[in-house]
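Hi,

Here is the structure I said I would pass on. Have a look at it first, and my notes follow below.

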Amino acid sequence: MNEVFSNFDLVLRAFWLTVQIAALSGVVSLVLGTVLVAMRIGPIGVLRQFATTYVTLVRNTPLLVVFIFIFIAAPNVGWFVHTPFLLKGVIAVSLYTSTFVCEALRSGINAVPVGQAEAARAIGMTFSQNLAHVVLPQAFRASVPPLGSTMIAMTKNTSVAAVFGLMEATGRMRFFTNRHADDAVGILIVFAVGYIVIVELISLASYGLERRWRAAR
Amino acid sequence: MTDVGTVGREPLVALDHVDKWFGQLHVLQDINLVIGRGEVVVVIGPSGSGKSTLCRAINRLETIDKGTIALDGQPLPQEGKALAQLRAEVGMVFQSFNLFAHKTILENVMLGPVKVRKQPKADAEKRARELLDRVGVGHQAEKYPAQLSGGQQQRVAIARALAMEPKVMLFDEPTSALDPEMIKEVLDVMVDLARGGMTMVVVTHEMGFARTAGDRVVFMADGRIVEENTPEEFFDNPRSERAKDFLSKILKH
Amino acid sequence: MRMTRIKATAVATLLALGLAACGNAGSDDDSGPDVKVSDNAAASFPDGSRMKALADSGTINIGVKFDQPGIGFKGATDDMPQGFDPEIGKILAASLGIEPDKIKWTETISANREPFLQKGQVDLVIASYSITDERRQVVGQAGPYYVTGQQLLVKKDSDISSIDDVKGKEVCSVTGSTSLDQIEAKGATPRGFDTYSECVDQVLNGTVDAMTTDGAILLGYAAEHPDDLKVAVDPFSEERYGVGYGKDHPEMCQWIVDTIKKAQDDGDWAKAFESTLGKSGVETPEPPTMDACPAS
């Protein structure tokens with residue numbers, strides 16, 4: 001563990017990259033997931049079919065395979081060759097996580113009473129206005145706990161990037177464990193604590209939103 | 001059937017040979033109904049008679065299988081932008097209020113004018129506050145729907161519909177979900193509205209309201225319009241057996 | 001380790017989908033030069049020594065790499081790993097009277113070599129295992145039996161010719177490896193991957209500018225893609241491969257050193273090299289001089 005503490009700047013840098021991947025992927029997958037859910041419940045058949053197929057396909061694929069696709073398979077056929085690694089990592093994590101966001105939101109939408117959408121239609125709102133101003137805001141509020149879990153899972157999933165060129169926390173941890181394999185337990189503990197801190201921050205934010213929105217209703 | 005009510009009035013809502021099925025169930029059977037501008041039509045009938053479906057069909061919250069429904073001479077378009085525009089002209093008040101739970105009372109009333117009518121926020125707010133004052137909940141403007149009583153919520157719902165300046169107001173059993181002591185405050189607002197010349201279709205069991213404010217009573221049973229008449233004639237001299245039977249049941253209590 | 005297993009599954013899935021082109025290095029059918037197995041070897045070791053125990057048991061568990069062509073590589077359909085490290089393993093086993101087909105080969109990766117030795121899960125580690133002072137504090141390392149150094153594997157048309165050229169370039173290696181750390185120190189952006197073969201792919205498709213690790217490993221890959229890849233720059237570190245053994249059996253050190261010394265002298269070492277790393281076209285080097293064993 002001493003090695004870890006005497007090289008603590010390396011640890012912090014690695015976790016900073018973890019936070020960057022997680023934060024960027026979080027934003028992108030929330031946006032993408034919202035678009036997907038809008039397609040899924042929307043009136044256009046082709047988009048509905050596309051979103052349903054996409055969610056079924058990607059959600060049932062291991063994240064590692066998504067990474068291999070983006071980082072190994074795609075460059076072999078000439079895609080993403082000069083895309084920055086961080087961006088590729090965010091793409092891989094977001095493509096995967098957005099399907100879970102979509103499903104969390106869909107459960108949230110199901111929790112919004114039908115009358116809410118009917119009332120919105122009755123004052124002349126179009127489908128997209130209805131979604132944007134009435135259904136989705138309420139669905140988001142109802143989805144905070146599952147979305148929080150999705151974001152936590154996503155943060156831990158960023159560790160897959162360690163073996164795809166990104167020296168984030170898990171990559172740095174391997175660096176330490178390879179050199180000091182005898183102290184693997186101590187090193188693991190230090191890095192686990194790092195992840196716990198990040199995840200707890202997400203949990204707290206999630207609880208905070210949940211409480212605030214519950215009070216507002 | 002006598003043609004009451006529409007005499008001398010310009011037709012605003014016209015249902016022509018309307019049929020609708022829920023699966024095997026024929027919920028609207030050959031409905032022909034014309035509602036004149038400024039007329040207050042009260043639709044009554046036993047539960048399952050199709051009266052709510054009729055009301056909801058007028059702004060196409062329920063689709064119909066046969067026939068046409070026209071508003072101000074224009075047939076209802078298919079789902080889409082044109083239908084949304086047309087719905088903006090038709091106010092609707094639901095049994096369960098359906099106020100937007102995540103918005104304040106004021107925001108509920110402003111949402112339609114701002115997003116659908118594209119009114120400037122300041123204008124919409126001024127008008128919303130006037131309407132809230134008119135229905136007597138002006139002092140609750142900053143609260144959320146869940147913090148209001150049922151009667152207050154329903155009055156807000158009326159204000160929300162009025163904010164769109166609709167040509168016609170549809171009321172789908174507006175007092176059925178209310179505690180008895182709150183029914184009057186809602187009916188008072190509706191009577192006021194009727195006196196102000198609003199065209200109204202009201203599905204209700206409130207006979208008092210029908211007598212006070214109604215121009216015409218439409219009695220429905222088993223998906224058909226069985227009888228139409230002025231409120232006085234209908235309540236004092238029902239002609240059909242179904243209506244007599246129905247009135248005897250509800251007036252006993 | 002868990003990651004590796006999941007990854008193996010994922011790669012298998014991709015293979016099934018026909019997406020991944022798979023390197024097939026080291027699956028040549030020859031199993032290296034024959035090494036003469038000692039008869040009655042057990043008698044030549046003192047009672048109570050680990051060597052005697054192994055000789056008596058008739059088998060030995062050796063940890064090697066399975067993913068480094070030329071060094072230690074085992075294809076999915078191979079029975080036995082191929083490469084210079086397994087050849088050294090066979091030489092050592094032979095001195096205990098153990099036939100090559102009685103050797104149990106265990107895959108070791110960089111992160112589990114010390115734990116495997118400490119827990120006795122393997123008897124020896126011969127897995128491109130650089131001798132370092134830090135490692136010698138927790139395990140025994142005899143040797144070096146081979147000396148190499150960190151180099152770069154680049155495309156044939158690459159303009160990287162000296163180590164200074166890597167500044168600001170993206171260079172891949174295996175996540176967590178010392179090579180990756182050292183290339184970072186040279187000013188390159190390190191890109192870690194799970195396996196060397198994925199890293200080679202990145203060089204081939206142009207995603208990264210170079211791959212770095214011990215020259216011996218790079219030679220193996222260069223030999224696989226002679227038209228596309230070359231090994232560039234002079235070695236900028238010295239890696240001395242040693243044979244790892246458990247610290248609780250210090251008597252093994254002298255046996256390892258003596259056995260390899262004998263192989264160096266009688267030409268078995270050179271034969272082992274020629275049949276493996278030597279295939280890339282490099283000349284067989286002078287065998288290195290081995291360190292003295294610690295006084296026990």
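**Chain A**

In chain A, 75% of the contacts (heavy atoms within 4.5 Å) with a separation of 6 or more are between residues 24 or more positions apart. Before you read on: this is a predicted model, where local features need pLDDT of at least 70, side-chain atom pairs count only at pLDDT 80 or more, and totals for chains, interfaces and linings use all residues. Residues are numbered from 1 along each chain as written, chains are lettered from A and ligands numbered from 1 in written order, and side-chain values use heavy atoms, leaving out hydrogens and water.

Chain A has nine helices and zero strands (DSSP runs numbered from the N terminus: helices are H or I, at least four residues, and strands E, at least two). Its C-alpha atoms fill a box of roughly 65 × 50 × 25 Å along the principal axes. Of its 217 residues, 54% are buried, meaning under 20% relative accessible area with a 1.4 Å probe, counting protein chains only.

As for charge, chain A carries 16 positive side chains (Lys and Arg) and 9 negative ones (Asp and Glu), with His and the chain ends not counted. The centres of the two sets lie 13 Å apart, taking NZ of Lys, CZ of Arg, CG of Asp or CD of Glu as the place of a charge.

**Chain B**

Chain B has an open sheet of four strands in the order β2-β1-β4-β5, with antiparallel pairing (strands pair if DSSP finds at least two bridges between them). Its edge strands are β2 (25-36) and β5 (74-75), each pairing on one side only. β5(B) pairs with β4(B), residues 66-71, over two bridges, and there Pro75(B) stands opposite Ala70(B).

Cheers

Terms used
Buried means under 20% relative accessible area, exposed over 50%, partly exposed in between (1.4 Å probe, protein chains only).
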